[in-house]
Amino acid sequence: MYQQRESTLSGQQEISLQRAINRIRRSLDLSAILETTVEEVRACLSLDRVMLYQFHADASGEVVAETIRDRCLPPLLGLNFPADDIPLWARELYLRARQRSIVNVHLQQIGFSPLLCPENGEPLAVEDIHYRTVSPCHVEYLTAMGVQASLVVPILHYDLQQQQVEPQLWGLLVAHHAQPRSFKVKELRLVQQIADQAALAIAQATLLVQAQQQAQREAALNKITSLLHSLPKIQLHEALEETVKLLQGVGGRLYLNTDHHLFAQVYTVGKQPILLSQDHLCPVEHHPLWQQTVHPEGPNDRIWAIDDLTQEAALQPIAEAFQPQRLRSLLVVPLQYNQVLLGYLSVFRHETETETWWAGRFNPAQEQQQPRQSFAAWRELKRGQIRGWQPRDIDLAQVLQRQFSMAIQHHSLYEQVQTLNSSLERQVQERTAELQQSLESAHLLRQVTDQIRSTLDYQLVLRTIVREVRSLLNTDRVVIYKFARNYQGTVVVEDVQEEWISILHEVYDDICFPLEYALQYRDQNRVSVVNDVEGSSLHPCHIQFLQSLQVKSNLVVPIRIGSQLWGLLVAHECRAPRQWKATEIALLQQLAEQAEIAIKQAKLYERSCITAETAMKQAIRLQQALQDLKQTQTQLIHTEKMSSLGQMVAGVAHEINNPINFIHGNVVHAQNYLQDLLSLVDLYQQGYAYTDPQVQKRISEMDLGFMQEDLPKLLSSMLLGSDRIRQIVLTLRNFSRLDEAKMKPVDIHDGLDSTLLILQNRLKAQPEHLAVILIKEYSDLPLVECYAGQLNQVFMNVINNAIDALHQQADAQTAKGFTAATGTIVIKTHQLDADWVEIAIKDNGPGMSEATHSKLFDPFFTTKPVGEGTGLGLSISYQIVEKHGGKLICLSAPGEGAEFKIQLPIQGSRSRGATVS
């Protein structure tokens, strides 16, 4: 069985859908989005319960949003459901085919409606619901929940940053009804559209949270960097505290090798391991097992992330030191510089307790064979749980590894220079030079770091690096070489002295450059130091290539972005061979890392800009759609109102026309018959002078002479009145113009006169208002091609507003104790040129302010009291005039009245002439 495609959504459902979409799009807060989604679905379909079910990584899930009508069903918000409740095959169909399911417990049926073909993922041509018998287990499950009808729609999660990544199954939109109920295709379509909007909003909210978290991590890293690079005293303890906080640990250690450092050996924060050696405390880093595990073959920069120490059999002697403080997770970051081990940065996490509330009690260790009979909340408490290290933690640790290593080494050099300068007088000049260069390097690093923080233009940062490096090292050429595919690349930034050739924008494919060099740059962070190109062990072909660039000595440092080799920072000495110093090598390495940060930030900013631009374009499209919707709504209201009014006027005119024609046509015959009878009475009176006394008495009572004199006058008055009624009927028909659906040439003056005739009662004096003086200054106009009925509506709105303004002015004057001024309306018509005519309607009312004038033609804007105006008259009039290709202009100032000019092309909207202002 299946249900065929039904008609599109009804008007009310469309309004409900638009309201739901607007509410969902209005917020970027995830909880608000979820609550709005379930509320709108339940309101649209009048259901008993609607909830959002979000899947966990282990395929279990939780009800994260719920709305229930009058508590007719037990609440499930915050409760979890085991993975067995939704089988794997069902989850795969939800994702692969975007399958929706409908269950009718009363009819023992389940319906499936996929949007995509399960085999190829292509959209299906027909949106049908295929029904079959539902399994007894499923019926028992829903019955235990108190549900007689259910609807399930999958919600997918899309990664907005990686458009090519396949969507994941985020969760389900579930609707329950306690009474038997069927779902139509159009209802399913409505719920699907709301679910799609919710999926997009969830993705946007997730992206916002990720961006905020990234910003917080960057701020924390910047703070740590500032603490590490503070001079003259490096703030290691404060940096360690911020590091433990950033990695969400409960304790941390910074162990520094005494052989290479003159300051404190161990810094600790928070909870610490307790290792006893011969009844005295011993640093855990001194344990031989630590050295064998962390650095089995000498120093390297591998980061050790141990999620559970108790599961590492080789580390059990060390793990015992962590047990008293319940420390279970360990992150060890070796700190080294130029292949020299400086120490270790360690962060600890302790075991935790997790509390989970399940919908119904079950055994988590066993597969569910039968449906649960109760969904009452059941609390499961797990102790001794670990919080393992995630990839983002490792990425942060790598950044911190570089920052700590660089800062410790730099500060160590600074301290050594200071000590040696104070103790060895004979080396003052040499050490002072080293210190000066170290300070200049630090200044350059700070300058580059500050520039990275102040700008997102990484090209500017790269240009600053090569310029300052060439000046600081006093070398001949410094370039940044960017790799393309197959390690062919281009020189993208250069600073060179004038006497040497420029290689900027040159593309090089050095066939003598072994691939193993590139792999060492990428994987081992290799630094190439060539003090003398001619006497080096480089391949002769590569030496010849360097000599073609006038290079005598060079220093090459890789620039890596993550695990990829982005390019090289290269210093060339062209005058003569040069011995590159360790500080110079370190400086280039540090600057290469700063270049890496700048490039990363620029790429992140570029992605953020693209995302922001996309969101802005979408907002503009939504704003335009809203404006179009408002205009369409205004037109619909106007069309319906004027159509009803026109039909009513035409109907009344038609109903009056037939009887009045009958009366008017028979009054003439009645006059003739009456004259004949009166003539006969006269002849009778003349021929029979002596009549019966009773007849004479009756003649006297009737006042026959008066009747003979007044009866012809009475019939003449009736004839005149019927003729007047016929003229009014003709005017009403002329105003409504229902039979004129197309544009046709009409006399503008006829439309004006018809409108004035209808408004004649408002122009006359009333007990509460004086009469309005009407002045008509008509010129000879040609016939104008237009929609006569619509144009009459414009005349009606403008003149009616003028009368209202005059009455309001008179009321205000009377309320202040002044004599009300006489209101005047002047209507002028004239031909502007061969193609255009103008109708000007001016009053001597109070006029209007600039603020009112600016909103005059906005839909629903009115200055009248509540209940006396809709705010649609002038907006609709403006649209009617624009539809005719014309222009509606208002000239007004406070105290100077208002004048409306209606300019129309004689040949309708087909005229190509410009409007006259």
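Leaving aside neighbours within four places in sequence, isoleucine 839 is in contact with Ile748, Leu752, Phe795, Lys828, Thr829, Phe900, Lys901, Ile902 and Leu904, where contact means heavy atoms within 4.5 Å. The model is predicted, so that local features need pLDDT of at least 70 and side-chain atom pairs count only at pLDDT 80 or more, while totals for chains, interfaces and linings use all residues. Residues are numbered from 1 along each chain as its sequence is written, and side-chain values use heavy atoms, with hydrogens and water left out.

Isoleucine 839 belongs to the residues with the most contacts inside the largest nonpolar core, which has 38 residues, and the others named with it are Ile748, Ile825, Phe900 and Ile902. A nonpolar core is here a set of buried Ala, Val, Leu, Ile, Met, Phe, Trp, Tyr and Cys residues joined through side-chain atoms within 4.5 Å; buried stands for under 20% relative accessible area, exposed for over 50%, and partly exposed for the range in between, with a 1.4 Å probe and protein chains only. Two or more residues of this core come from each of α17 (748-758), β27 (784-786), α19 (788-815), β28 (824-831), β29 (836-843), α21 (873-883), β30 (887-892) and β31 (898-905), the helices (H or I, at least four residues) and strands (E, at least two) being DSSP runs numbered from the N terminus. The largest share, 10 residues, is given by α19. A second, separate core has 35 residues, including Leu17, Ile102, Ala195 and Ala205.

Strand β30 also holds serine 892, which is partly exposed at a relative accessible area of 23%. Not counting residues up to four places away in sequence, serine 892 touches Gly847, Met848, Gly897 and Ala898. The C-alpha atoms of serine 892 and glutamate 850 are separated by 8.6 Å, although the two residues are 42 residues apart along the chain.

Charged pairs form the next topic. Side chains of opposite charge can pair when their charged atoms come close. The whole structure contains 29 salt bridges, each defined by a side-chain nitrogen of Lys or Arg within 4 Å of a carboxyl oxygen of Asp or Glu. In one of them, the side chains of aspartate 753 and lysine 776 meet at 3.2 Å, N to O, and this pair links distant parts of the chain, with aspartate 753 in helix α17 and lysine 776 in strand β26 (residues 773-777), 23 residues apart. Aspartate 753 counts as partly exposed at 30% relative accessibility, as does lysine 776 at 45%. Glutamate 777 and lysine 828 form another salt bridge, at 3.8 Å from N to O; because glutamate 777 lies in strand β26 and lysine 828 in strand β28, the pair ties together parts that are 51 residues apart in sequence. Glutamate 777 is partly exposed at 37% relative accessibility, and lysine 828, which is also in contact with isoleucine 839, is partly exposed at 40%.

Elsewhere in the chain, arginine 23 forms a salt bridge with glutamate 39, the closest N and O atoms being 3.3 Å apart. Arginine 23 sits in helix α1 (residues 11-25) and glutamate 39 in helix α2 (residues 30-45), 16 residues apart. Salt bridges that share partners join Arg19, Arg23, Glu39 and Glu40 into one network.

A further region is an open sheet of six strands in the order β21-β20-β19-β24-β23-β22, with antiparallel pairing, where two strands pair if DSSP finds at least two bridges between them. Because β21 (507-508) and β22 (528-530) stand at the edges with a single partner strand each, one side of each is left without a neighbour in the sheet. Strands β19 (residues 477-483) and β24 (residues 564-573) pair in the antiparallel sense over six bridges, and the bridge partner of valine 478 in β24 is alanine 571. Helix α11 (residues 458-473) lies across β19, β20 (489-496) and β24, running at about 50° to β20.

Helix α15 (residues 693-702) lies largely in the open, because the number buried among its 10 residues is zero. Aspartate 703, which follows α15, has a positive phi near 55°.

Conventions: Axes are lines fitted to C-alpha atoms, for helices over the stretch in contact, and angles run from 0 to 180 degrees between N-to-C directions.
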